Amino acid sequence: MMSKRILWVDVVKGLLILTVILGHAIQEPLKVRGISFEDNIWRNIIYSFHMPAFMAMSGYLMYRPIGGGNYWSSICKKFKQLIVPFFTWSIPLFIVYHNVDNIGDYLLYPNKGYWFLWALFFISVIYTLIDWLCKETKSNKEFVIGITALGLIGCQVALPNAKLFGYEYIAFYFIFYMMGYYANKYKDNLPNKSWILWTLFLVWAVMSCFWTPNGIPLFLRNVPFVPTKLIQMGYRILTPVIFIIWMYSAVPKLKVSDSWIWRRLIDFGQISLGLYTAHMVVKNLFAKILFDTMPMLPIWIHVLIEFIVLILFSVFVVRILLKSQITCKWLLGKW
């Protein structure tokens with residue numbers, strides 16, 4: 001793992017965690033009003049890139065130019081950083097939203113809670129095992145990773161219940177994790193011409209307007225000889241792929257200054273895990289309270305209030321947790 005912090009990486013992580021919170025600030029008010037949030041264009045634009053890009057940032061930081069390190073130590077470290085917070089934060093999440101009969105669902109279906117931590121851990125384990133296997137057998141790592149990615153996605157499409165044990169998240173986001181890894185390894189080969197960067201961004205912007213988590217754009221329906229599920233999966237993957245290529249080509253050129261906004265983004269990036277876990281506990285609860293208190297409140301004002309309050313609440317909670325070594329370890333993964 002990289003020892004020195006890269007400022008633009010923290011800035012990107014800060015921006016991404018804000019989009020995660022904004023996406024939930026849009027989704028939860030719609031949910032409590034009984035409105036389908038999967039049809040909301042702004043929510044879908046955010047969801048078309050934010051978690052794939054977050055996963056790609058994790059892969060970017062996993063790349064090591066020299067040596068592989070201690071594989072078992074690496075897995076143990078990831079377990080403490082990701083799975084320990086997964087379980088500890090699931091306790092307050094469970095208390096707030098569920099009864100005891102549903103506690104097993106957090107393992108059977110991690111999408112009910114902190115699926116990102118769960119998926120990131122198992123993706124990093126898969127990568128670590130591939131890295132070890134290729135070194136032991138002197139196999140071509142890129143080839144093995146490509147076969148693994150295809151196999152994971154193939155099983156996701158074929159399985160009758162890919163949500164079980166979070167498999168669909170592990171399979172789907174493995175692609176973006178490895179994109180980040182190779183974006184770091186081959187960063188000198190990324191496009192750098194302005195017209196290419198603008199084209200990539202505009203293509204993503206147009207595609208994101210038609211992106212949905214479970215559907216396909218109208219103009220791709222009824223395509224002959226191609227299964228609908230394959231088209232849906234292809235569009236769902238290609239849209240964030242284009243964004244991630246643009247991100248790694250354009251964003252490292254940012255000139256990070258010492259201004260207040262840059263410092264806040266860097267700060268948010270450095271505590272992004274805590275902001276993610278803390279706001280998840282209250283996002284739906286606060287949306288319900290606000291709706292019950294002011295049911296006639298315009299939806300856009302509800303979204304804005306929820307967004308601001310979730311940020312303030314999460315930052316406050318993380319600041320408290322950072323004061324104790326115990327909470328830093330068990331809740332923030334800082335061992």
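Predicted model: local features only at pLDDT ≥ 70, side-chain atom pairs only at ≥ 80, totals over all residues.
Which backbone oxygen lies 3.5 Å from a polar atom of the side chain of W211? The backbone oxygen is that of R236.

W211 sits in the loop between α9 and α10. Its relative accessibility is 6%, so W211 counts as buried, the limit for that class being under 20%. Setting aside residues up to four places away in sequence, W211 touches N44, Y47, S48, Y235, R236 and T239. Y167 is 44 residues away from W211 along the chain, and the C-alpha atoms of the two are separated by 22 Å.

The loop between α9 (194-208) and α10 (228-250) also holds T212. With a relative accessibility of 23%, T212 counts as partly exposed. Residues up to four places away in sequence again left out, T212 touches E38, N44 and Q232. I41 is 171 residues from T212 in sequence, yet the C-alpha atoms of T212 and I41 are 8.5 Å apart in space. A polar atom of the T212 side chain lies 3.0 Å from the backbone nitrogen of G215.

Two packed helices are described by the angle between their axes and the distance between the axes. Helix α7 (residues 141-158) and helix α8 (residues 167-185) have axes 8 Å apart and pack at an angle of about 155 degrees. Angles over 145 degrees count as roughly antiparallel, and α7 and α8 are therefore roughly antiparallel to each other. The crossing in which α7 passes α8 is left-handed. On the α7 side the contact is made by K141, E142, I145, T148, A149, G151, L152, I153, C155 and Q156, and on the α8 side by Y167, E168, A171, F172, F174, I175, M178, Y181, Y182 and K185. Sorted by class, this contact has 13 nonpolar, 3 polar and 4 charged residues.

K141 is found in helix α7, and at 14% relative accessibility it counts as buried. The side chain of K141 makes a polar contact of 2.8 Å with the side chain of Y181. Neighbours within four places in sequence aside, K141 is in contact with Y127, I130, D131, C134, Y181 and Y182.

Most residues other than glycine have a negative phi. K138, in the loop between α6 and α7, has a phi near 55 degrees, a positive value. F165, in the loop between α7 and α8, also has a positive phi near 55 degrees. Are these residues buried or exposed? K138 counts as exposed at 74% relative accessibility, while F165 is partly exposed with a relative accessible area of 43%.

Helix α6 (residues 115-137) and helix α12 (residues 272-293) form another pair: their axes come within 10 Å and cross at roughly 135 degrees. The two helices are therefore oblique to each other. W115, F116 and L117 of α6 make the contact with L273, Y276 and T277 of α12. By class, the contact of α6 with α12 has 5 nonpolar, 1 polar and no charged residues.

Helix α11 (residues 260-270) has W262, L265, I266, D267, F268 and G269 as its buried residues. These buried residues pack against α1 (7-32), α12 and α13 (299-321). With α1, α11 packs at an angle of about 80 degrees, the axes being 7 Å apart. The range from 65 to 115 degrees counts as roughly perpendicular, and α1 and α11 are therefore roughly perpendicular to each other. L7, D10, V11, K13, G14, L15, I17 and L18 of α1 meet W262, L265, I266, F268, G269 and Q270 of α11. The contact of α1 with α11 has 9 nonpolar, 3 polar and 2 charged residues.

Terms used:
Residues numbered from 1 in each chain as written. Heavy atoms only, no water. Axes fitted to C-alpha atoms, helices over the stretch in contact; angles between N-to-C directions. Helix = DSSP H or I, 4+ residues; strand = E, 2+ residues; numbered from the N terminus. Parallel < 35°, antiparallel > 145°, perpendicular 65-115°, else oblique. Left-handed = near helix turned anticlockwise from the far one by under 90°. Contact = heavy atoms within 4.5 Å. Nonpolar A, V, L, I, M, F, W, Y, C, P; charged D, E, K, R; others polar. Buried < 20%, exposed > 50% of the residue type's maximum accessible area, 1.4 Å probe, protein only. Polar contact = N/O pair within 3.5 Å; in protein donor to acceptor, adjacent residues only side chain to side chain.
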